[in-house]
Amino acid sequence: MITVHIKNKNISSTPPPGAHVYCIYQDESVDAQIKALSPVQQSIESIAKARHFKGATGEILSVPLSAESYTIIVGIGSKNKQGFLCIESYRRAVAKAVRAAIGLYAPSLHVTLPDAQLFNCTSDYLVEQTTIIAQMSTYHFDTYITDTDRKEHRINDLYLMTDHSENSSTQHAADKGFMIGKAVNQARHWIDTPPLDATPLFLAEKAVEIGKKHNLTITVFNEKEIIAMGMGGLAGVSRGSDVDCQLAIMEYKTTTPNAPTIALVGKGITFDSGGLSLKPAASMETMKDDMSGAAAVINTMEVIAQLKPHVNVIALAPLSENLPSGKATKPGDIIKFYNGKTAEIKNTDAEGRLILADALSYAIKTYKPDAIIDIATLTGACAYALGPYFTGLMSQHDELAQRIEAAGKKAGDPVWRLPMTGDYKKAIASDVADICNIGDNRIKAGAITAAHFLQHFVGTTAWAHLDIAGTAFDVPNIPYFRSGATGAGVRLLIELVLTWDKKD
Ligand code: BES
Ligand code: ZN
Ligand code: ZN
């Protein structure tokens with residue numbers, strides 16, 4: 001984990017050993033921008049020229065100044081029509097610089113923050129985003145690698161060089177960014193952990209650990225209790241597995257009177273084989289990631305518990321394996337959920353909606369939230385529709401959808417809304433039960449028909465569904481991700497909750 005320090009960028013002393021990172025953009029001459037740096041860094045001007053460095057997005061140039069000191073310049077592109085630089089280009093530039101510094105075995109990283117006005121944002125936001133991205137860029141899942149040569153060099157200190165080092169809000173922004181980056185990486189770590197170890201009980205215990213550490217109220221129901229409560233969806237999915245399912249619930253209560261309550265529900269299938277509707281081998285390879293929604297909500301709560309927003313937040317994580325066995329739920333079975341509704345199971349691989357159905361109904365009945373958001377690696381269809389760069393958002397509540405879109409954009413964890421009109425609803429009709437767990441083939445739109453299934457369990461409460469099947473794992477070409485888990489949804493949910501009362 002990186003320790004973050006704030007420093008005044010105008011104090012000119014000999015730069016300490018480490019990688020010194022500067023951002024260069026395209027709308028002003030590269031020469032002029034390099035000349036504005038400290039005298040030591042100016043020596044790279046001719047090298048930048050010789051290498052045709054233009055400041056375009058994705059460009060990077062590292063120049064050694066001594067055995068332990070480097071100057072790294074990264075391109076952040078050109079201004080848009082409104083005259084502003086793109087914050088996502090900046091995030092990726094920071095990530096590239098961090099990756100380069102790791103490769104160079106740099107002892108520390110010194111990032112000179114660009115002028116926030118260039119991005120039309122505050123300098124605190126830039127501090128926060130830089131801290132988050134620097135942390136995310138150091139993530140490497142190496143727990144199970146025994147060859148020490150394959151461990152990556154760790155950078156221990158991140159120095160943020162800014163004009164605003166005296167402001168107390170700057171330190172707060174760095175602390176907040178640190179917490180968020182840590183939460184994202186912890187979610188990634190659990191998701192990457194093999195399903196042999198990351199079991200339903202393991203995740204429930206993590207929720208308990210976090211709850212104890214930060215004074216949250218925690219409830220964990222085991223399989224026996226889940227069956228007794230009538231949660232036929234969660235119990236039905238777990239039936240084929242040898243390990244118990246769990247329902248972990250974390251409650252954060254604000255001291256602010258009459259505050260609204262938000263419920264977050266995360267899908268926690270610790271391995272999805274498809275059940276008796278067995279997946280083909282290749283589709284099963286990454287199915288340890290099917291608890292990414294649960295990892296997102298549990299880790300979001302750790303940040304919420306520390307930053308104490310003026311809203312009540314409840315996180316619910318239904319946790320189970322989905323495996324075939326002599327006891328497993330079969331296509332043709334009909335199950336009954338916590339809210340009394342029934343569903344015909346035509347395909348046991350459409351299991352996420354079954355465990356979410358019980359958790360959503362329980363949350364609505366028990367906590368009467370003002371808004372409820374679920375997050376799940378729910379459908380391959382969503383991954384096909386949007387690819388790995390946008391999480392699918394489905395909601396019939398425009399105001400909530402707009403809040404989520406805005407939070408996703410601000411956090412760099414973007415969503416794209418799919419329509420949820422009534423025509424799609426007919427896809428999940430059943431002749432023998434209230435609804436069917438897969439959609440009619442002629443209607444297709446599997447991401448949307450899955451959302452309509454969930455709609456049956458939220459009543460009239462403002463609800464939104466986030467499908468992270470495409471964004472949770474193996475996202476290519478973004479330098480702060482690598483193969484494996486991304487932590488999709490963590491930054492979005494934190495931003496959404498923390499800014500909830502800032503809107504009218
Ligand atoms: N966990 C999968 C969805 C998924 C697919 C997540 C790819 C991440 C990457 C989910 O449980 C599932 O299997 N859904 C089925 C639903 C179908 C049977 C209606 C799917 O998408 O194929
Ligand atoms: Zn499945
Ligand atoms: Zn699944």
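This is a predicted model: local features need pLDDT of at least 70, side-chain atom pairs count only at pLDDT 80 or more; totals for chains, interfaces and linings use all residues.
Biologist: Hi! Is Glu351 buried or exposed?

Modeller: Glu351 is buried, at 1% relative accessibility; buried means under 20% relative accessible area, exposed over 50% and partly exposed in between, with a 1.4 Å probe and protein chains only. Residues are numbered from 1 along each chain as written, chains are lettered from A and ligands numbered from 1 in the order written, and side-chain values use heavy atoms, leaving out hydrogens and water.

Biologist: Thanks! Which residues coordinate the zinc ion (ligand 2)?

Modeller: Asp272 (OD), Asp349 (O and OD) and Glu351 (OE) coordinate that ion, at 2.0 to 2.2 Å. Donors are N, O and S atoms within 2.8 Å of the metal (3.2 Å for Na, K and Ca), and water is not among the atoms, so sites may look incomplete.

Biologist: How far apart are the two zinc ions, and which residue coordinates both?

Modeller: They are 3.2 Å apart, and Asp272 coordinates both. Asp272 sits in strand 10, while Asp290 is in the loop between helix 10 (281-284) and helix 11 (292-307), 18 residues apart. Helices (H or I, at least four residues) and strands (E, at least two) are DSSP runs, numbered from the N terminus.

Biologist: Are Asp272 and Asp290 buried or exposed?

Modeller: Asp272 counts as buried at 3% relative accessibility, and Asp290 counts as buried at 1%.

Biologist: Switching to ligand 1: how many residues surround it?

Modeller: There are 15 around ligand 1, and the closest are Asp272, Lys279, Asp349, Glu351 and Gly380. Here a residue is near if one of its heavy atoms lies within 4 Å.

Biologist: What about Glu351 and ligand 1, how far apart are the polar side-chain atom and the oxygen atom?

Modeller: That polar side-chain atom of Glu351 lies 2.8 Å from an oxygen atom of ligand 1. The protein covers 76% of the 520 Å² of accessible area that ligand 1 has on its own (Shrake-Rupley method, 1.4 Å probe).

Note on methods. A polar contact is a pair of N or O atoms within 3.5 Å; within protein, one must be able to donate a hydrogen and the other to accept it, and residues adjacent in sequence count only if both atoms are side-chain atoms.
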